[in-house]
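Please read this report with the sequence and the model side by side.

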Amino acid sequence: MQWEAVIGLEVHVQLATKSKIFSGASTAFGAEPNTQACAVDLGLPGVLPVLNAEVVRMAVMFGLGIHAHINQTNIFARKNYFYPDLPKGYQTSQMDLPIVGKGYVDIPLDNGEMKRIGVTRAHLEEDAGKSLHEDFHGMTGIDLNRAGTPLLEIVSEPELCSAKEAVAYLKYIHGLIRYLGISDGNMAQGSMRCDANVSIRPKGETTLGTRAEIKNVNSFRFIEKAINFEIERQIDVLEAGGKVVQETRLYDSERDETRSMRGKEEANDYRYFPCPDLLPVVISDEDLRAIKEALPELPEQKRQRFMDKFKLSEYDATILTEERETAEYFEQVASQCGDAKLAANWMMGEIAARLNKNNLEITESPVPADRLAKLLSRLKDQTINGKGAKTAFEALWEGADDVDAVIEAKGLKQVTDTHAIAAIIDDIIAKHPEQVEQYKAADDAKRKKMIGFFVGQVMKASKGSANPGQVNQLLQQKLS
Amino acid sequence: MALDRSDVEGIAHLARIAINEQDIENTTATLKDILHMVDQMQAVNTDNIEPLAHPLELVQRLRSDEVTEANQRDHFQQLAPQTENGLYLVPKVIE
């Protein structure tokens, strides 16, 4: 049977505020345990939460970034459950009236097309503390520094059909929150976390299958692997005549598998109710307008501008604008070298491959944008040819900092002096009388193929420094 | 709304409240009375009335994003039964 996967993602984004969502305690990462957990975060009796204005502004920015309806009146609710890293016995969250309503994002697919993915909602909530299960004489250690850190939970519609699409969606969200400056999106430090709801159904079926929820996967690569594993597992279960159980599963990256988290899971009953400690949050038209006006250029706006200004394809423009730093790097190279197509090809070819291989971000590239622009300028003004540019780039990647000095030192300068090239050509023609005879006897179609031999010989004799176009032209003149 | 003994036991478990065997019957009856009152309220026609999330018709005040709390860990940890290396210690929560 043909199966299709249906995936919905819940993404938790830590908002980059200085203080917590309901208290004035610091949110800085990596402090000594419990030094940033105040009376409000600890849920001591008699304390009252006061909402952080910046949290509201950031959530609205995100909502505007995904074309969502903003609920200008929104409400906090209590989600009740007991766990030691949640000292109040409830998480303050939003249920019925979240700050961000329905919206959407457009993501690039592998085939070069775009797909629109619905975002159901995004709501504000507080993070819990951390439980450390290492050796404390059989006890668990609790660090509440993270308790009360503001989170935006972004819930997608179940409209993603593969692990690849899920990753493309996540990358878009990751890029967007960084464009907006509302989160650093650092997955390794937990600033962006992802739960995936995965189910499968026979292809063409419209009702959803039973889903399993994969919790807390912390890198793009692991999300792709975890979802792929889970899809295969569910297919195996169904094809063996079994049933998929609705449950929470944990991804084990070392074994590349998902495992059931609890043998017997109690049905969740969080008994949500409006939080009596917090009044309804009202965002005035004026505030909403001010936030809208202050929005930076969004990835999709940059994408459109790159398509208009640099004549890039939608797919190329999407890839280049996914992360703000990449887009800025590209734009600098394209503007300085004056050839956007050339810049785009190098960004998605040489630069992407090298960054990927060395596991580096664009900001860590050993070749800064102005240096690459200079190299591409030399390629464009024919000082060097394509092969020379690659050799020079290699040296720049290894740390050389002066493009012209590299070209000089490695003898990469292209010979465009007609006399010099003509002399080499005469020499080659003299050395290969047989091939010259064959060429002269051949028809036009064959000649086109045969000339490649001479071009190759001349390029070799010039140690790759001749201009291939010029060589071709001169050869045709001399051989006719 | 019907409410029986197992509902009361379920709610008690979710709230981590231990109820004596002999109290369950009494508690069930009390909760039934409360639910009866809720039923009466549900029966009122509220078609043209805006839902109210809070009894006070006020709007949440916001604070500016500033760190105003100093570290008072030592002070707070005097309340805890057990601490180590700055951590609060609790009975192990996973198997």
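## Helix α16 of chain A

In α16(A), the buried residues are Val471(A), Leu474(A) and Leu475(A). A residue is called buried if 20 or more other C-beta atoms lie within 10 Å of its own, exposed if 12 or fewer, and partly exposed in between, with C-beta atoms placed from the backbone. Seen down the axis of α16(A), these buried residues fall within an arc of 105 degrees, so they line one face of the helix. The arc is that of the directions from the helix axis to the C-beta atoms. On the other side of α16(A), Gly469(A) and Gln477(A) are exposed. An α-helix has 3.6 residues a turn, so residues three or four places apart point the same way.

This is a predicted model, in which local features need pLDDT of at least 70, side-chain atom pairs count only at pLDDT 80 or more, and totals for chains, interfaces and linings use all residues. Residues are numbered from 1 along each chain as its sequence is written, while chains are lettered from A and ligands numbered from 1 in the order in which they are written. Helices (H or I, at least four residues) and strands (E, at least two) are DSSP runs, numbered from the N terminus.

Helix α16 covers residues 468–479 of chain A, and its twelve residues should span 16 Å at 1.5 Å a residue; the end C-alpha atoms are 16 Å apart, which agrees. The expected span is 1.5 Å times one less than the number of residues. The buried residues of α16(A) pack against α13 (418–431) and α15 (444–461) of chain A. Here and below, two residues are in contact if their C-beta atoms, placed from the backbone, lie within 7 Å.

## Helices α10 and α11

Helix α10(A) has twelve residues and reaches 16 Å from its first C-alpha to its last, close to the 16 Å expected at 1.5 Å a residue. Its buried residues include Arg371(A) and Arg378(A), along with Leu372(A), Leu375(A), Leu376(A) and Leu379(A). They pack against α8 (324–337), α9, α11 and α12 of chain A. After α10(A) comes Gln382(A), whose phi is positive, near 70 degrees.

Which residues of α11(A) are buried? They are Gly388(A), Ala389(A), Ala392(A), Phe393(A), Ala395(A) and Leu396(A). Seen down the axis of α11(A), its buried residues fall within an arc of 160 degrees, so they line one face of the helix. What covers them includes α9 (340–357), α10 (369–380) and α12 (403–409) of chain A. α11(A) is followed by Gly399(A), whose phi is positive, near 120 degrees.

## The annotated domain

An unreviewed UniProt entry carries the annotation "domain: Asn/Gln amidotransferase" for residues 328–479 of chain A. UniProt positions are given in the numbering used here, feature names are shortened, and annotations may be inferred rather than shown by experiment. Over residues 328–479 of chain A, the chain is 74% helix and 0% strand, and the end C-alpha atoms are 49 Å apart.

## Nonpolar cores

A nonpolar core is a set of buried Ala, Val, Leu, Ile, Met, Phe, Trp, Tyr and Cys residues joined through C-beta atoms within 7 Å. The largest one has 77 residues, and those with the most contacts inside it are Ala59(A), Phe62(A), Ala166(A), Tyr169(A) and Ala196(A). Helix α3 (residues 163–180) of chain A gives the most to this core, with eleven residues.

Leaving aside neighbours within four places in sequence, Phe62(A) is in contact with Val100(A), Ala122(A), Leu152(A), Ile177(A), Leu180(A) and Ile182(A). A second, separate core of 34 residues includes Phe306(A), Val333(A), Ala343(A) and Met347(A).

## Where chain A touches chain B

How many residues of chain A are in contact with chain B? There are 40, and they are in contact with 31 residues of chain B. The largest share of this side of chain A, five residues, comes from β9(A). The residues of this side divide into 21 nonpolar, 13 polar and six charged. Ala, Val, Leu, Ile, Met, Phe, Trp, Tyr, Cys and Pro count as nonpolar, Asp, Glu, Lys and Arg as charged, and the others, Gly among them, as polar.

## Two loop residues

Gln72(A) lies in the loop between α2 and β3 (73–74) of chain A. This residue is partly exposed, with 15 other C-beta atoms within 10 Å. Not counting residues up to four places away in sequence, Gln72(A) touches Val282(A), Ile283(A) and Leu288(A).

Gly190(A) is found in the loop between α3 and β11 (192–202) of chain A. With 16 C-beta neighbours inside 10 Å, Gly190(A) counts as partly exposed. Leaving aside neighbours within four places in sequence, Gly190(A) is in contact with Gln14(A) and Asn218(A).
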